[in-house]
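Here are my notes on this one, for when you have the model open.

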Amino acid sequence: MARESAAAAVAGGGVVRGIPLLILLLFVAGASGARLPGGGVGKQPRGGGETATAVFALGSFWRSEAAFGCVPGVIRTSVGYAGGSKARPEYRNLGDHAECVKVEYDPQLIHYNKLLDVFWASHDPREVFGQGPDVGNQYRSTIFTNGTIEARLAALSKEKEQAKDRSSVITTLIQPVGAFYPAEPEHQKFELKRKPFLLQLIGNLPEEELLYSTLAAKLNAYAAELCSPKTQHRISSKIDEIAKKGWPILRDI
């Protein structure tokens, strides 16, 4: 009977008591320094060290955020606006800002160069004035740097990318990040929010917790099918397993 109830809950998008914490544990179990702040999911860098941030513009920030969410070593992601002069930009009134994704990561687990690799692989840096159907200055390709070292690494990576094909020019800009303005709540974790069942599985976190949740960043990438094939399969298998075996009761945490 429990198994039938679970299957029905999956089909109907319902939630059985106990599942949010179960899903949290499935994704963070075994992770060094994992914690469950206020019902959401966060992750401390290995060894308690400092996190680092990187900011990129690579087209629509909805998909850009998802491109980084499943990368090992990434702690959390958020979207916003940078690179412009307008004070307090808004989605419908950006001025000269670009749509960006801010990536918070553990530098002991992933190097900035790896994030640059994801950046180049996740859009066409040779397009002018937009990306695909998204046309406009707000969709320009830009690497926003946090200092001299990042600027040098970004420049070297751009040269490497340009060397792959000399027939067209890389349009990507490299500039200091300056002010980063967080986007409105409805734009955060956009791909995940298109899958209400996944939101229910993690307990329908409030916006603030969703913004800082490591698990939400991963599921945002999963919802967009941008995790590695192995990770996509692993997450799908966990969800299927829960549906088939029924919702276990969590007796202790």
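1. Ground rules: this is a predicted model, where local features need pLDDT of at least 70 and side-chain atom pairs count only at pLDDT 80 or more, while totals for chains, interfaces and linings use all residues. Residues are numbered from 1 along each chain as its sequence is written, and side-chain values use heavy atoms, with hydrogens and water left out.

2. On the cysteines, C227 is buried at 7% relative accessible area (buried means under 20%, exposed over 50%, partly exposed in between, with a 1.4 Å probe and protein chains only). C70 is buried too, at 17%.

3. Searching the whole structure turns up 1 disulfide (a pair of cysteine sulfur atoms within 2.5 Å). The partners are C70 and C227, with sulfurs 2.1 Å apart, and the link is right-handed, with 80° about the S-S bond. C70 sits in the loop between α3 and β4 and C227 in the loop between α9 and α10, so the bond ties together parts 157 residues apart in sequence. (Helices are DSSP runs of H or I with at least four residues, strands are E runs of at least two, numbered from the N terminus.)

4. Have a look at β8 (residues 141-145): 5 of its 5 residues are buried, so the strand is largely enclosed by the rest of the structure. S141, I143 and T145 point one way, T142 and F144 the other.

5. As for its neighbours, β8 pairs antiparallel with β3 (residues 52-58) over 4 bridges (pairing takes at least two DSSP bridges), and A57 stands opposite T142. With β9 (residues 173-176), β8 runs parallel, joined by 4 bridges; there I143 stands opposite I174.
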